[in-house]
Amino acid sequence: MRYIETEQESLNSQWYEPTFRNRKQRHRWRRRRKRKLFLGAVLLFLAVFLFTRYLAAPIGYKGLQIPYNRTRCLRTPYTISYLVIHDTANRGVGADAQSHYIYFSGGDRGSSADFFVDDIQALQINDYYHYYTWHCGDGGAKAKINNRNSVGIEICVNRDGNYAAAVENARQLTKKLMKELHIDIDHVVRHRDASGKDCPGTMSEVDWQAFLASLNDD
Ligand SMILES: [Zn+2]
């Protein structure tokens, strides 16, 4: 004998649904579920958006912090888009990373940076997740590459230092930051690319292309 499913049985046919008395009740339940799913998706999207944009910034920075020429700004690896390379243009004896830190923490110098790199260290002087520094003269944040969406790295060029070693330290730092901030080589730029200033002046076009190419090396 052929089995004929009753209406009740067909109403019950989906395992994740409760039992319905009639079609109307099932229709109402399904409509309500659709609404709940939509609301859930919106809330999930909002939560992910807010978390990545505002909450993913690491806290508890214990490094050095310059008190001048910085702007409070909560940033995350998702809102920092560029690494801007500079050099200090200071050939003076002793103009290394430490002395630039002392100089920039000693008063309003009208500019600043996140890192100073010499032949012995890459010195971080700003908590870049919570402040941006004033390193690339960005026309009041109107430029595509600006202070707010970038981190500034200054290479020291003091004549008593080993410039090649400083560039190597800058390369290592750049690679580390690229990984941490999800930045690709196309977003590693010079101050010159950001605002047209001739910086880093010590690097020729060939040096710069070599620096970029070396970011693929270990
Ligand atoms: Zn510069």
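## A loop residue with positive phi

Asn-69 is found in the loop between α2 (23-55) and β1 (70-72), where helices (H or I, at least four residues) and strands (E, at least two) are DSSP runs numbered from the N terminus. Asn-69 has a positive phi of about 50° although it is not a glycine, and it counts as buried because its relative accessibility is 7%; buried means under 20% relative accessible area, exposed over 50%, and partly exposed in between, with a 1.4 Å probe and protein chains only.

This is a predicted model, in which local features need pLDDT of at least 70 and side-chain atom pairs count only at pLDDT 80 or more, while totals for chains, interfaces and linings use all residues. Residues are numbered from 1 along each chain as its sequence is written, and side-chain values use heavy atoms, with hydrogens and water left out.

## The zinc site

The zinc ion has as its protein donors His-86 (ND1), His-191 (ND1) and Cys-199 (SG), at 2.0 to 2.3 Å; donors are N, O and S atoms within 2.8 Å of the metal (3.2 Å for Na, K and Ca), and water is not among the atoms, so sites may look incomplete. Along the chain these donors follow the spacing H-x104-H-x7-C. Both His-191 and Cys-199 are buried, and the peptide bond from Cys-199 to Pro-200 is cis, with omega near 0°. Pro-200 has its place in the loop between α5 and α6.

In helix α6 (residues 205-214) the buried residues are Trp-208, Phe-211, Leu-212 and Ser-214. Seen down the axis of α6, these residues fall within an arc of 165°, so they line one face of the helix; the arc is that of the directions from the helix axis to the C-beta atoms. They pack against β2 (82-87), α4 (163-181), β7 (188-190) and α5 (191-195).

Arg-171 lies in helix α4 and, at 8% relative accessibility, counts as buried. Leaving aside neighbours within four places in sequence, Arg-171 is in contact (heavy atoms within 4.5 Å) with Phe-211, Ser-214, Leu-215, Asp-217 and Asp-218. The C-alpha atoms of Arg-171 and Ser-214 are separated by 7.6 Å, although these residues are 43 residues apart along the chain.

## Nonpolar cores

A nonpolar core is a set of buried Ala, Val, Leu, Ile, Met, Phe, Trp, Tyr and Cys residues joined through side-chain atoms within 4.5 Å. The largest has 25 residues, of which Leu-177, Leu-181 and Val-188 touch the most other members. At least two residues of this core come from each of β2, β3 (115-117), β6 (150-155), α4 and α6, and α4 gives the most, with seven residues. Apart from this core lies another, of nine residues, among them Ala-97, Tyr-101, Phe-116 and Cys-156.

Leaving aside neighbours within four places in sequence, the contacts of Leu-177 are Leu-83, Phe-115, Tyr-128, Val-151, Ile-153 and His-182. His-182 is found in the loop between α4 and β7, has a positive phi of about 55° although it is not a glycine, and at 52% relative accessibility counts as exposed.

## Cysteines

A search of the whole structure finds zero disulfides, a disulfide being a pair of cysteine sulfur atoms within 2.5 Å. For Cys-136, the nearest cysteine sulfur is that of Cys-199, 10.0 Å away, and Cys-136 counts as buried at 0% relative accessibility. The sulfur of Cys-156 is 12 Å from the closest cysteine sulfur, in Cys-199, which is too far for a bond; Cys-156 is buried, with a relative accessible area of 2%.
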